[in-house]
Structure formats: C-alpha cells, structure tokens
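Please look at the structure first, then read the points by topic.

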Amino acid sequence: MSMPPEQNQSWVSEFILLGFSSHPTSNRILFIAFLLLYLSAILGNGLIITLICLDSHLHTPMYFFLCILSLLDMGYVTTIMPQMLVHLLSHSQTISLAGCWLQMYVFGALGLTECIFFVVMAYDRYVAICYPLHYTVILSRRVCTRLAAGTWACGFFFSLIHTFLTMRLPYCEPNIINHYFCEGPSVRSLACMDTYLTEMVDLVISVFVNVTPSCLILASYIRIALAILKIKSTRGRCKAFSTCAFHLTVATLFYAPATYIYLRPNSSYSRERDKQIALFYNVFTALLNPIVYSLRNKDIRGAFFKVIGRGRVVW
C-alpha cells in the first residue's frame, strides 16, 4: 500500500547553491574575476560617498541622492558576492534555511528600494532643469530626507511581503537551487505545493516597482527633453542632455534585466541564462554607477583632487 504523500516527502533544512561551475580550475578563475569586480564596486561607490561627505560644495540634492544610490549599490552587491566567493573555493555550497531567507529579504529590500529610488533621481533632474531657480526650495533638505526614507520604507515593506510568502511554502527534496544566491523564483520552484498565489503577489509587486517607475521616469525625461530644447545656449543643452543621458542609461541597464526576469511567464525560465542576466544587474550596474554618474563628473573629480591635495599637504 502506498504511503501518503506527506510521508514520502523529506523536508529540507538547508539549500545547495549550484553557482556557475563545478570545475575547480574554472571556479578559481571566476573567483579572481568576481573578487576584482566586487572590490571595484565597493571602492568606487565608497569613494563617491566619501567625497560627497567631505566636500561641502557637493551637499546638494543631486549628490545627496547619488550618495544614497552608492550606499544601496554597496549593500546590494555585498548581500550576495561574499558568499558566492566563498562557495567558489569551498567544497560545500550549502546555505541554511534561515540564511537563505535573510539573504532573500535583504537583497530584495535593497533591490526594490533602488527600483523606486531611480524615480526620485529622475524627479531631481526634472526639477533642476525645468525649475532651476526654485531647485533648492522645492528639494529642501527635509523633502530630500523624506523622499529617501519613503523609498527605503517601500522597498523593505514589499520585500517583507515577498519573503514571507516564499518562506511559508513547504520545501522538500531535492534542495538544489540552480543559482548563485537565494533568488525568489529559483527558490520558489522547489516548493512542494502550488505557488500560484505567491507568483501573483510577486507579479503585482514587480509591476509596481518595475513598470510604474519606468513609466514615471520616461514621462519625466520627456518633459526634461522638451525643457532642454528651449535652452538657447548650445553648451547648456549639451551639458543637460549629457547629465540626463547618463542617468537614463544606468536606469535602463537596471530595469531591463530585472523586468525580463520577474515579469515573464514561468514557462520561459532558463536558469543558466537567468544567472548571467542576474549577475549583470546585481554586480555590473553597481560597478557602472560610479563611472557613469560620478567619475565623469567634474565636481566629483574636483573634490577628489582637492582631497588628494589636502593629503599631500598633511604629508
């Protein structure tokens, strides 16, 4: 006589993350490459935060928001990269159930916050270009703080819903996640029961934090483009277009892969391709942000050389 399904199931207490490769030589090469990427992202974003904090000339709404973005990127990449680096050199690639939920929650919270935060940065550019004389009045320190706090609160709240609904699902053998971190859809695919409700809630959240912000950013930049075209100075138009183009580029590089992963039918999932795409918006955008936003910015370069000059004088 066959046993009831519950007795045939073995409930898991940990997961195994497959990562990118099981070959030791490939893992060592990947370890070096990812370590360099991780250190570059941390140092680049850390430098931006340091310069903005040290130079009083950079205490403006735009650089305040840029500082928050760099902080998000540092936390975002640190949530997944250290563990991935350890797994590349370790024989064990396990992660506890509690560790998996914690990683999923923090990663989701920071990622969702950044999705919403790009709208705030687009609004900042909109006010700066369309209402330059009222820029510091509209975006006062109090307003900037509230906007930043609101995005963080929304990100952590939505991630809590996503993580709770995923965590409450029953999981049984096999406990192998074909990914390099505890990403929601990859973990959810191991559930022993129907996940339709969780998928629908995740879809609603994804629409709210991906599609809606994308539309708002697009609308902002249409208004910005119309305002820029009215600028009589050719140099002024080029400078405004350049600044906005950098922001739009980074936002696109972040939203496009995230939308592809979280807003498509389950039937079209390809785990190997998903890992590569996730790596792009997890790591490479955190590396690109300092380059695109700041290292090409004359104010940031000026602050950097000023700090270097102070160091030489002290020495």
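A nonpolar patch is made of residues with over 30% relative accessible area and no salt bridge, whose nonpolar side chains are joined within 5 Å. The model discussed here is predicted. In it, Y196, M200, L203, V207 and V211 form such a patch on the surface. The chain also holds two disulfides and three salt bridges.

**Surface patches**

- The nonpolar patch of Y196, M200, L203, V207 and V211 has about 390 Å² of accessible area together.
- One of its residues, L203, sits in helix 8, which covers residues 196-229.
- A patch of positive charge on the surface brings together R235, K239, K298 and R301.
- At least two residues of this positive patch come from helix 9 (234-262), and at least two from helix 11 (298-314).
- R235 belongs to helix 9, and its relative accessibility of 72% makes R235 exposed.

**Disulfides**

- A disulfide is a covalent bond between the sulfur atoms of two cysteines.
- C100 and C182 form one of the disulfides, with 2.1 Å between their sulfur atoms.
- This pair links distant parts of the chain, 82 residues apart: C100 is in helix 4 (residues 97-130), while C182 is in the loop between strand 3 (176-177) and helix 7 (184-188).
- The angle about the S-S bond of C100 and C182 is -125°, and the link is left-handed.
- C100 is buried at 0% relative accessible area, and C182 is likewise buried at 0%.
- C172 and C192 also form a disulfide, with their sulfur atoms 1.9 Å apart.
- C172 lies in the loop between helix 6 (141-167) and strand 3, and C192 in the loop between helix 7 and helix 8, so this bond ties together parts 20 residues apart in sequence.
- C172 counts as buried at 12% relative accessibility, whereas C192 is partly exposed at 26%.
- Counting the bonded cysteines along the chain, the disulfides follow the pattern 1-3, 2-4.

**Cysteines without a disulfide**

- C53 is in no disulfide, and the nearest cysteine sulfur, that of C67, is 4.7 Å away.
- C215 is partly exposed, with 47% relative accessibility.

**Salt bridges**

- Side chains of opposite charge can pair when their charged atoms come close.
- D55 forms a salt bridge with K306, and their closest N and O atoms are 3.4 Å apart.
- D55 lies in the loop between helix 2 (24-54) and helix 3 (61-89) and K306 in helix 11, so the pair ties together parts 251 residues apart in sequence.
- D55 is buried at 7% relative accessibility, while K306 is partly exposed at 33%.
- D202 pairs with R188 in a salt bridge, with 2.5 Å between the closest N and O atoms.
- This pair links distant parts of the chain, D202 in helix 8 and R188 in helix 7, 14 residues apart.
- D202 is buried at 10% relative accessibility, and R188 is buried at 7%.
- R125 and D124 meet in a salt bridge through their side chains, at 3.0 Å from N to O.
- R125 counts as buried at 12% relative accessibility, and D124 as buried at 2%.

Conventions: Residues numbered from 1 in each chain as written. Predicted model: local features only at pLDDT ≥ 70, side-chain atom pairs only at ≥ 80, totals over all residues. Heavy atoms only, no water. Patch = residues over 30% accessible without salt bridge, like charges linked within 9 Å, V, L, I, M, F, W, Y side chains within 5 Å. Areas by Shrake-Rupley, 256 points an atom, 1.4 Å probe, with all protein chains shown as cover. Salt bridge = Lys/Arg side-chain N within 4 Å of Asp/Glu carboxyl O. Lys, Arg positive; Asp, Glu negative; His and termini not counted. Charge placed at Lys NZ, Arg CZ, Asp CG, Glu CD. Helix = DSSP H or I, 4+ residues; strand = E, 2+ residues; numbered from the N terminus. Buried < 20%, exposed > 50% of the residue type's maximum accessible area, 1.4 Å probe, protein only. Disulfide = S-S within 2.5 Å.
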